[in-house]
Structure formats: C-alpha cells, structure tokens
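Please find below a short note for a colleague who is new to this entry. It begins with one residue and then turns to the chain as a whole.

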Amino acid sequence: MIDVKAIQAALRQFGFDGWLLCDFRGSNLLAQRILGLAPADVGSRRYFYSIPAQGEPRKLVHRIETGALDHVPGSKTVYLRWQELEAGIKHLLGGMKTVAMEYSPRNAIPYISRVDAGTIEIVRSLGVEIVSSGDLIQVFEAAWDDDQERSHFDAAVHTDSAYARAWKFIADRVRASGSVEELEVQAEIMKHFAERDMETYSPPIVAVGPHSGNPHYETGSGEVTQIREGDFVLIDLWAKMKRPRAVYSDLTRVGFVGKTVPDKYTDIFKIVAKGRDAAIDKVRTAFAAGRPIQGYEVDRTARDVISAAGYGDQFAHRTGHSIGQEVHGNGANMDDLETHETRFILRRTCFSIEPGVYLPEFGVRLEVDVYIDASGKVHVTGGPLQTAVVPILAEY
C-alpha cells in the first residue's frame, strides 16, 4: 500500500510541490512500483496520480478503466476526450510550481527517463517546472525493505559459493579431457542456482582469454571457447532468490588454469583491485563521517586509480550500477563516464563496484556489491574480496 504521508514528507524534504506519476501500457515501470501495481494490473489507457506535498492526492483515469487507481487514496477525475485529459492534468497540478516526474534532464540518467516528451510538454505548458524524481525513486523504489535485504544476503551466499563450483568444474574437466567449453561452465553455474531455488534474467558470462577483454561478451561454444591449461578465465554471474520482490547479487571474479599465475595477469589484477578498494573506502569514509556522497564520486575515485596506472582508456564502462529487483536497478549508479550521476547514495540501497581493465589478450573485472543498511553501515557482500587471481589447478 502506498504511504502517502511518507511521500509527502520526502517531497517537503526535497523542496518539491508534488509528484506526478503517470503511465501508458506499462511504459513507466517506476510509477507502477510506487503505486503498487502488478504487471497484470496494467491497463490500456493513460492514468495520472498527483501527490501534493500537502493535501489530498488526486487521480485522473479513463472512463473505460475508472477503477485503475481505486487501491490508492485520493479524489478521482474521469476523462474520455483528449481535451478532458489535458484539463484533468491541469486540475491535478493546481497550486504547484514544481513537480517531480520520471524525467532526467538531457536524458542524463536513462533509468529515470520513463515519461514521454509529449506529456512533459503538456505539463510545462501549464507553467509548472518539472524536476527529476530520481532521488524520490531511490527512497520509495530502490531502497530495500527487510525482506529484500534478507533476500540479498541469502543470494550472496550462493553466488559466492558458485565460484568454488565453477573453478572445480573447470579443473576437473581440464584434468580429465584437456579442455571444457565456456557454455559447459555456464550450465554448471545455472545448475547451482536451480538447486538453491534461485533465478536470473540471463545466464552468467564465462569468458576465456581474449573474450574476457570484451566487457559485454556473450558466452559461446566451439573451438574458440575451449578453456585449457594456461588460459585466463573471467566469470561474471548474477542471480536472486525465487521470492516476491527479491533482489539480486552480482559478482565477477577471475582465475587462471594453472598452478601459478603469470605476472602479466597479476599486475593488471593488482591495479583493478586497487581501484575497487579505493572506491569501497570512499563510500565507507563518507558514511562514517556522515557526509552525503554522490554516485559520480565513487566512479571518479576508482577511475583515477586506474588512470594513474596508465590504463584509463582501457576502463571503458562505469564503476558500478544500482542493484534491485533487476540486476541493473533504479537507484544511483557509480558513474562519471557514461553519465554524471548526481543522485546521492542512500541508506538501504545497494550497488556494484566493478572496475576493469580490458586488453586485447585478456581483461580483468572485479565486481562486488555494496549495501548501506538502515543504520548507515556499509556492507560488502558476496564473501571475502578477491585478493589474487585464482590459480585454479593449485586450489581445486
């Protein structure tokens, strides 16, 4: 059930006059979640829900779907003609000078941009300033409740243990038959998830040698995907418990199919690990001091370390992403590359820290999840930090 009083308190805190939530055929997932609508509840006509910083909320619904918002409080206006729609929006915004919507200036943060330009034009034509609902979304959609927090920590145990299973599977197959395909390792990880009542929107990345140098490599089959002794391997995996509103755990680690790891891999690993650790420390220091911290600051910290080592151009993605019911969630990202992320890192939110260096012959990415609990304690989840490339044939 939507907590109107909590939303109104947040609106006053942020200095907004109101929040206008709207959707058309499921195009605004964020509005659906704030309003507590299941995918099956999404209709075929536009609806609008206006929450003022003070006073009663107002609804605008189509005559064909008059019950669309009956589960939330507030007065109701019904429209049929387009002229009635526009007049209804004006009524919803009465008395407001600034209104939050799922909008991002210049589309700087695409995860927030869920409202079409035409609707934005209607609101602006009424003399109302539109501000981004990004931080409101964090508070009321990206922030986890107790059940979600538990689901993450449970999932993190199993994503962590998936690595021991994957490394051992590689070691056993290489010893027995000389090689194993990437897809076979991927299937073994998926079996691990299924046995632990977990699910994922897509299978993990298993990347050997040069494939690990492609940040978005898709695991394949065939001769070029054979993992043999002497090969470097990157595994990026993500999954969540099969529970309502469960949230993801998302990790990346690297290994070498041998008993000792060559220096060329260790040298790059150390640079990436230094960037990862600096980013984690940046978050911990800020929360320990009670200082607000924005997503771009974390990205900049990791990026500065890797750039100072001479590999800035080989770190070709943001440092981290929000984690929620989708593996790429709707909270603040750790990003000052693809976007300038000005949203604040809030309590009860989670995000990845995953710097990388990608070379033609191999790539290293080290991904951990960071969760800020209700007290402001910073948790790095998914087991101990990886401190060295795993020598697979020595340890398994």
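1. Contacts of E102. In this predicted model, E102 touches residues from several parts of the sequence, its neighbours within four places being left aside. The contacts are W19, L20, L21, N28, L30, A31, I112, S113, R114, V115, S133 and I137.

2. Position of E102. The residue lies in the loop that runs between β5 (98-101) and α4 (117-125).

3. Charge of E102. Which side chain of opposite charge is nearest to E102, and how far away is it? It is that of R114, at 8.5 Å. E102 is buried and has no salt bridge; the cut-off for such a bridge is 4 Å between a side-chain nitrogen of Lys or Arg and a carboxyl oxygen of Asp or Glu.

4. Polar partner of E102. A polar contact of 2.9 Å joins the side chain of E102 to the side chain of W19.

5. Overall fold. The protein has 10 helices and 19 strands. Its radius of gyration is 24 Å, close to the 21 Å that the globule rule gives for 396 residues, so the protein is as compact as a globular protein of that length. Along the principal axes, the C-alpha atoms occupy a box of roughly 70 × 40 × 35 Å.

6. Interior and surface. Of the 396 residues, 54% are buried. Among contacts with a separation of 6 or more, 67% are between residues 24 or more positions apart. The accessible surface is about 16900 Å², and carbon and sulfur atoms contribute 51% of that area.

Terms used: Residues are numbered from 1 along each chain as its sequence is written. This is a predicted model: local features need pLDDT of at least 70, side-chain atom pairs count only at pLDDT 80 or more; totals for chains, interfaces and linings use all residues. Side-chain values use heavy atoms; hydrogens and water are left out. Helices (H or I, at least four residues) and strands (E, at least two) are DSSP runs, numbered from the N terminus. Buried means under 20% relative accessible area, exposed over 50%, partly exposed in between (1.4 Å probe, protein chains only). Lys and Arg count as positive and Asp and Glu as negative; His and the chain ends are not counted. A polar contact is a pair of N or O atoms within 3.5 Å; within protein, one must be able to donate a hydrogen and the other to accept it, and residues adjacent in sequence count only if both atoms are side-chain atoms. Contact means heavy atoms within 4.5 Å. The radius of gyration is taken over C-alpha atoms; the globule rule is 2.2 Å times the number of residues to the power 0.38. Accessible areas come from the Shrake-Rupley method with a 1.4 Å probe; for residues, only the protein chains shown count as cover.
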